[in-house]
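Let's take a walk through this protein together, one step at a time. Keep the picture open beside you and follow along.

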Amino acid sequence: MSWDCPLPLTGSERIQMAHGSGGRQMNQLIETVFRSVFETEQTVAADAAVLTLPSDRIAVSTDSFVIQPLFFPGGDIGSLAVHGTVNDLLMRGAIPHRLTASFILEESLAIATLNTLVQSMASAAQDAGVQICAGDTKVVERGKADGLYITTTGIGWLPPDRQIGPQQIQVGDAIVINGDLGRHGIAVMACREGLELELPFASDVASLRSPVLGLLEAGIDLHCLRDLTRGGLASALNELAAVGVGMDIEAKAIPVDPAVAGVCEILGLDPLQVANEGRFVAFLPTDQVAIALQILRQIWPEQEPRCIGIVQSATPGLVRLRQPFGSDRLLEMLSGEQLPRIC
């Protein structure tokens with residue numbers, strides 16, 4: 001009986017188990033795919049990055065991304081992994097500073113695909129004003145992952161007097177959103193399920209750095225911010241109402257692209273429960289709404305920022321949707337699994 005123990009193929013065009021072994025192939029992958037793209041003063045062969053932050057107050061957020069397909073109209077898992085975590089930092093009013101990125105790679109994933117996604121991450125990080133300073137890779141057997149999973153952790157710094165969060169919401173606050181709803185979830189679902197739809201739009205995945213910091217730099221007194229990801233506007237508002245306030249939302253004020261509304265109607269979905277990746281809801285004093293909307297339109301002229309409602313005390317914990325013809329209904333949080341794998 002003879003034993004056959006071949007050397008690993010160093011020129012492979014696909015991920016192999018040896019790429020996660022800690023040896024030569026893994027180091028080649030890190031050097032050629034990751035470090036060459038994310039190169040900064042911190043990307044050296046050390047166990048941790050050392051950061052100097054301009055404030056003692058920091059915000060930290062971490063998120064995992066398991067979306068299928070890896071590429072979708074308007075974005076991909078790489079750009080999504082950057083924007084998703086950066087946007088979570090911005091929702092606390094933090095200035096995004098650095099990201100870490102961890103990759104779970106499936107054996108047989110094309111290295112060309114990985115290269116494309118890493119380049120997309122680098123471009124998204126540049127747009128968001130952050131650097132990717134540390135990371136990790138692991139490889140799992142074929143069939144144990146959907147090609148690629150990414151986990152990103154973000155660190156941002158907070159000015160000493162900045163307090164933005166659910167506990168800051170006040171009765172009488174205006175409720176503002178920065179654009180139309182439902183694009184991301186519908187674009188991803190149509191692509192994943194192979195729906196023969198000629199969609200005139202793409203996912204809204206984007207960094208919210210410019211609109212959020214634009215509002216703050218203009219002196220807008222933002223009490224609370226929340227990005228409208230899984231569960232959409234409906235889930236976000238219900239989560240925030242749980243602090244003990246009620247909300248009245250005007251249905252006719254909420255912008256939804258006609259094509260998104262049409263697909264939702266066909267599939268029996270509520271666009272207010274569909275995921276977004278470049279939209280947020282802001283709570284601010286009513287006397288600042290006009291200037292806030294003006295700022296948002298100047299920063300993103302192609303979007304439709306709107307004031308959609310007001311915080312009230314009559315129905316604590318509940319969100320009422322005011323219909324155009326005078327009737328009301330409760331806007332309920334998403335229940336069950338409606339759009340899996342949208343982030």
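Four bridges join strand β7 (residues 174–177) to β10, and the two strands run antiparallel. One place to look is Ile-175, which stands opposite Phe-283 in β10. Bear in mind, as you explore, that this is a predicted model. β10 also pairs with strand β8 (residues 224–227), again in the antiparallel sense and over four bridges. Strands of a sheet pair through backbone hydrogen bonds, either parallel or antiparallel.

Now turn to the other partner of β7. Strand β11 (residues 306–312) pairs with β7 in the antiparallel sense, over four bridges. Ile-175 turns up here too, standing opposite Gly-309 in β11.

What order do the strands of this open sheet take? There are seven of them, arranged as β8-β10-β7-β11-β9-β12-β13, and the pairing is mixed. The edge strands are β8 and β13 (328–330), each of which pairs on one side only. From one strand to the next, the twist averages 25°.

Is β10 mostly covered or mostly open? It is mostly covered, with five of its five residues buried. Phe-280, Ala-282 and Leu-284 point one way from the strand, while Val-281 and Phe-283 point the other way, and all are buried.

Some of the cover in this region involves a helix, α5 (209–217). In α5, the buried residues are Pro-211, Val-212, Leu-213, Gly-214, Leu-215 and Leu-216. What covers the buried residues of α5? The list includes α2 (77–90), β4 (95–106), β8, β10 and α8. Just after α5 comes Gly-219, with a positive phi of about 85°.

Let's look at one of those neighbours, helix α8 (residues 289–299), whose axis comes within 10 Å of that of α5 and crosses it at roughly 145°. The crossing is right-handed. On the α5 side, the contact is made by Ser-210, Pro-211, Gly-214 and Leu-215, and on the α8 side by Ala-292, Ile-295, Leu-296 and Ile-299. Sorted by type, the residues of this contact divide into six nonpolar, two polar and no charged.

Charged residues come into the story elsewhere. Side chains of opposite charge can pair when their charged atoms come close. How many salt bridges does a search of the whole structure find? The count is twelve. In one of them, the side chains of Asp-204 and Arg-279 meet, with 3.9 Å from N to O. Asp-204 lies in the loop between α4 (183–192) and α5, and Arg-279 in the loop between α7 (258–267) and β10 (280–284), so the pair ties together parts that are 75 residues apart in sequence. Both Asp-204 and Arg-279 are buried. They also belong to a network of salt bridges that links Asp-180, Arg-183, Asp-204, Asp-257 and Arg-279.

Back in the seven-stranded sheet, Asp-248 forms a salt bridge with Arg-320, and their closest N and O atoms are 2.7 Å apart. Asp-248 sits in strand β9 (residues 246–250) and Arg-320 in strand β12 (residues 319–322), so this pair links distant parts of the chain, 72 residues apart. Because its relative accessibility is 10%, Asp-248 counts as buried. Arg-320 is partly exposed, with a relative accessible area of 23%. Asp-248 has a salt bridge with Arg-322 as well, and there the closest N and O atoms are 3.3 Å apart. Arg-322, at 26% relative accessibility, counts as partly exposed.Our last stop is an open sheet of four strands, with the order β1-β6-β4-β5 and mixed pairing. β1 (58–65) and β5 (131–140) stand at the edges with a single partner strand each, so one side of each is left without a neighbour in the sheet. Neighbouring strands of this sheet are turned by 15° against each other on average, direction ignored. Within the sheet, nine bridges join β4 to β5, which run parallel, and the bridge partner of Thr-100 in β5 is Ala-134. Helix α1 (residues 24–38) lies across β4 and β5, running at about 150° to β5. α2 packs on the sheet too, touching β1, β4 and β6 (148–157), and its direction makes about 150° with that of β1.

Notes: Residues are numbered from 1 along each chain as its sequence is written. This is a predicted model: local features need pLDDT of at least 70, side-chain atom pairs count only at pLDDT 80 or more; totals for chains, interfaces and linings use all residues. Side-chain values use heavy atoms; hydrogens and water are left out. A salt bridge is a side-chain nitrogen of Lys or Arg within 4 Å of a carboxyl oxygen of Asp or Glu. Buried means under 20% relative accessible area, exposed over 50%, partly exposed in between (1.4 Å probe, protein chains only). Two strands pair if DSSP finds at least two bridges between them. Axes are lines fitted to C-alpha atoms, for helices over the stretch in contact, and angles run from 0 to 180 degrees between N-to-C directions. A crossing is left-handed if the near helix is turned anticlockwise from the far one by less than a right angle, and right-handed if clockwise. Contact means heavy atoms within 4.5 Å. Ala, Val, Leu, Ile, Met, Phe, Trp, Tyr, Cys and Pro count as nonpolar, Asp, Glu, Lys and Arg as charged, and the others, Gly among them, as polar.
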